[in-house]
Amino acid sequence: MQSRWRIFTPGWIYDEIFKRWSIDSCQMKDTRFAKLVLFLNAIVPLTLLLWDVYWRKVGANPLEIVTRTTGMLTLLFLILTLAVTPTRKITGLNWLVKFRRMIGLFAFFYGSLHLLTYLWFDRFFNLRSMIGDIAQRPFIAVGMVAFLLMVPLAITSTKKMVKRLGGKRWSTLHRLVYIAGIAGVFHFWMLVKSDTRLPLTFAFVLLLLLGYRLLLKYSPSGHPRANATLFPRE
């Protein structure tokens, strides 16, 4: 695990993270530094992508590379968001929940870039062209459904919205993340024509995460129900 951290962070950041983690691994009350590290790591893929586009290192079809990359990042951050609750319950590291909102917002951020790439650079905001393209390629409609499901989750991610909606209604609304994740994986699977190993891998991981929640819900052992939402309050 330590070697993986060093791939994305300079040595002094790595040392600081594990120093703070070791001091209070169960609580980690001050998460500002860790959130900064998470933020920087989350924008690294976008920075590298923009760098390659600027220097024209994205091959003969840069639009496809940008579209595929932003779509993959959207799915990745969705999966990471759903993985927070199982990881927290299995390891007992309850402070992990403090990072879930940021991860979820990055999923929405990359999803917005993914959609914008299609609308702007592929269809040039031509509504008639988009309708015809969706009719010929249904996976686009599935992807748009997945993104639209994420919109109310992002809008209601603030503490004020939690209070305004009430905890129960807010939690019910944020269960849309399950449908968004399923639709996103299905969109990816429909897009891939030959080698489906990667979308099936995403589907398998998503199945495990959703299965864990069902196990908690219907288990007679009395474990608390997982509060799995995309943008929970902190």
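## Helix packing and aromatic pairs

Helix H5 (residues 100-122) packs against helix H7 (residues 138-155) at an angle of about 140°, the axes lying 10 Å apart. The model is predicted, so local features need pLDDT of at least 70 and side-chain atom pairs count only at pLDDT 80 or more, while totals for chains, interfaces and linings use all residues. Residues are numbered from 1 along each chain as its sequence is written, and side-chain values use heavy atoms, with hydrogens and water left out.

H5 and H7 are therefore oblique to each other (angles under 35 degrees count as roughly parallel, over 145 as roughly antiparallel, 65 to 115 as roughly perpendicular and the rest as oblique). In the contact (heavy atoms within 4.5 Å), residues of H5 including Phe108, Leu115 and Tyr118 meet residues of H7, among them Met144 and Phe147. The residues of this contact of H5 with H7 comprise twelve nonpolar, two polar and no charged.

Across the whole structure, a search finds 14 aromatic pairs (ring centres of Phe, Tyr and Trp, for Trp its six-membered ring, within 6.5 Å; planes under 30 degrees apart count as stacked, over 60 as edge-to-face and the rest as tilted). Two of these pairs are tabulated here.

| Pair | Centre to centre | Between planes | Class |
|---|---|---|---|
| Trp51 and Trp55 | 5.8 Å | 55° | tilted |
| Tyr54 and Trp55 | 5.2 Å | 90° | edge-to-face |

Trp55, at 47% relative accessibility, counts as partly exposed, whereas Tyr54, at 62%, counts as exposed (buried means under 20% relative accessible area, exposed over 50%, partly exposed in between, with a 1.4 Å probe and protein chains only). One aromatic cluster is formed by Phe39, Phe77, Phe106, Phe109 and Tyr110.

Definitions and conventions
Axes fitted to C-alpha atoms, helices over the stretch in contact; angles between N-to-C directions. Helix = DSSP H or I, 4+ residues; strand = E, 2+ residues; numbered from the N terminus. Nonpolar A, V, L, I, M, F, W, Y, C, P; charged D, E, K, R; others polar.
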